[in-house]
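Open the structure in your viewer and keep the selection tool ready. The stops below go from charged pairs to a strand unit and then to the chain interface.

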Number of protein chains: 2
Amino acid sequence: MSSQDNHKLCMIPGPVEFHEDVLTSMSTPATSHVSPSFIPVFGESIELLRKLFLTEKGQPFIVSGSGTLGWDMVSSNLVEPDEDALVLNTGYFGDSFAECLKVYGANVVEVKAEIGEATTLQEVSDALSTKSFKVITITHVDTSTGVLADVKGISEVVKKQSPNTLIIVDGVCSVGCEEIRFDEWGIDVALTASQKAIGVPPGLSILVASERAIQVFKNRKAPIPSYYASWAHWLPIMNAYESRKGMYFATPPVQLIYALNTSLKQITSIPLETRFEQHKKASNFIKNTVESLGLKFVPKHREAAANGMTAVYYPDGIQPADLLQKVASYNVVIAGGLHRAIATKYFRIGHMGISVTEPERKHLDNVIQALTSSLKELGYSGK
Amino acid sequence: MSSQDNHKLCMIPGPVEFHEDVLTSMSTPATSHVSPSFIPVFGESIELLRKLFLTEKGQPFIVSGSGTLGWDMVSSNLVEPDEDALVLNTGYFGDSFAECLKVYGANVVEVKAEIGEATTLQEVSDALSTKSFKVITITHVDTSTGVLADVKGISEVVKKQSPNTLIIVDGVCSVGCEEIRFDEWGIDVALTASQKAIGVPPGLSILVASERAIQVFKNRKAPIPSYYASWAHWLPIMNAYESRKGMYFATPPVQLIYALNTSLKQITSIPLETRFEQHKKASNFIKNTVESLGLKFVPKHREAAANGMTAVYYPDGIQPADLLQKVASYNVVIAGGLHRAIATKYFRIGHMGISVTEPERKHLDNVIQALTSSLKELGYSGK
């Protein structure tokens, strides 16, 4: 398996390209999960997550699992059966979060945006006026559409109109590339995964909960309807490792946590403001180029489009498989569509992590070159 | 982080030492989870698991998570609220599996063995005569005590006395080192994790379900009370990848699956019978040496002791921390106790995977040497 030799540049909206040092950490030899060499790595990673999420006292969780598991953690720890949840739905991931909440007994009200549209503050306000919601969920970037939610604006509406409602942000495709200020914006849970802008291979469900969310969890009346996702198991583990003690609930994914530690140190070594700006700039470069080719974006408004990815409709006459294969022939991988209603009509480019922060790698140039050449070869003449 | 340089031989009952090729696979560069290079790797891994579990038609699941997640999969997919579950408890992991089943609404009856004892077939028969159990769970090796269950014998009792009861084997510390014959013994679910005898870093929950178990799942009446652990989501994914198609529910842990593929190919390249014998022989070597030092095992009967690990009481006068630290000074890591009632009274040595199958690495000699020298230095004079 000489996968290194045939490596194609991975420019999908996650997994993203990984730094060499992160990959080296992935191949750390066998290490006990309670060894004196691993415990401080886990402990420090918890602390570094606070820096990344811009929180003083938020409680990070690092759990073996896909990002999806974060929905189970929110739904099973914070929402009790028959409580009301408001889901702002801007694509596939809103549908799924709603489904997950229902599994755990929540009454879900969805505000569904048209494909490519973001939820307006007025819609949020209208929805909040109908009921007293236990939680509101916001997909910061719906990876299926590339729509960016105005988390700050929405939070302000919630704080004003329904201050007891917990604000839950699905930041899978945002943490590490979009501006997200946990404390300043009053977020109660932000959940993410390792393989997007955090720049670590998939396999970690990462979440930060506010002190208020932890209190709500501790005061819940109904038993927690999950075993693996229960914070009752994970909270003591996080506290133990942060205070540099080993403790066992389930064997942590040691190698992934070494990789996370390496990446978080890289990320937090420069101001986050710089990182946000780099992603905006990269996004503008990609989007301006795509626009100049005469292609149309899935997000209908540039200000509500993600900075870590770009979702683009195929031009007329271009077959999805043809374009993806042609781009791959240039050793670059981009992604097809995911939103069920338009899956075959658009493609997605990821621009996160080292592809953005280390321009000397020329990843952005490469993906643009591969895309432009491929379209030309397939007979697309532009606008 | 030069963890490679300071590596201590990891002889705990998981994570175990990993083959260099497995670690190389762990550092596979970013690869799309639906790319033509990854799909066959995932698909083949599913097929190779059937070989490892000795099953023709069992349905493997490979899910991002710790081994613990396997309990949630069993409890939420196969047991409906208020159904009866019989838990054969030989240590910490029996306690926890019982707790997990209760979370999902099962009525749990436990047959608790004394510490170091295995459940007898008579006890199983007696328990089965009291109720009609939906499932019986057997911890094949309880890593907290090193007690080995007679899965074959227990299965025969169940088949005879309660043929509708699903037989669930927690094989976290057995699959890959203990004889386990999924089809021949009539097992319905065997669950395990990546970091023990399968020889892959932690982060994969691995499970095989019988055709009968899948039917029970498909015919269940109550809704599945989990989102992430629901087979309704994972079964289509496993079917898709096995038929060499990509499909999305949650981003699979690509690098861990590359590593799994590498390890499964190594494991299945020799007959499993040879592998079982190698582990028995290694276990005898360790246990005979430990016995010759005058130390006492946690398992009370040699025939009911695990072949992939050895649990040993500290001799009088030796402090736990002293012995573990002394052994570590020889660059070898062994584990302390885990069973709550005796945690500070015993230690555990793992002997699985390449430490057993590749004797030229001298891992067994090294751990024995470190242990013997450490005891001597601490003033233990033997029997």
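A salt bridge is a side-chain nitrogen of Lys or Arg within 4 Å of a carboxyl oxygen of Asp or Glu. By this rule the count over all chains is 30 salt bridges. This is a predicted model, in which local features need pLDDT of at least 70, side-chain atom pairs count only at pLDDT 80 or more, and totals for chains, interfaces and linings use all residues. Residues are numbered from 1 along each chain as its sequence is written, chains are lettered from A and ligands numbered from 1 in the order in which they are written, and side-chain values use heavy atoms, with hydrogens and water left out.

Select B:R50 and B:E242: their closest N and O atoms are 2.7 Å apart in a salt bridge. B:R50 lies in helix α2 (residues 39-53) of chain B and B:E242 in helix α8 (residues 231-242) of chain B, so the pair ties together parts 192 residues apart in sequence. Helices (H or I, at least four residues) and strands (E, at least two) are DSSP runs, numbered from the N terminus.

Next, select strands β3 (residues 84-89) and β4 (residues 107-112) of chain B, which run parallel and are joined by six bridges. B:L88 stands opposite B:V111 in β4(B).

Finally, show both chains. 61 residues of chain A are in contact (heavy atoms within 4.5 Å) with 61 residues of chain B. The count of salt bridges between chain A and chain B is zero. On the side of chain A that touches chain B, 34 residues are nonpolar, 22 polar and five charged, where Ala, Val, Leu, Ile, Met, Phe, Trp, Tyr, Cys and Pro count as nonpolar, Asp, Glu, Lys and Arg as charged, and the others, Gly among them, as polar.

Notes: Pairing = 2+ DSSP bridges.
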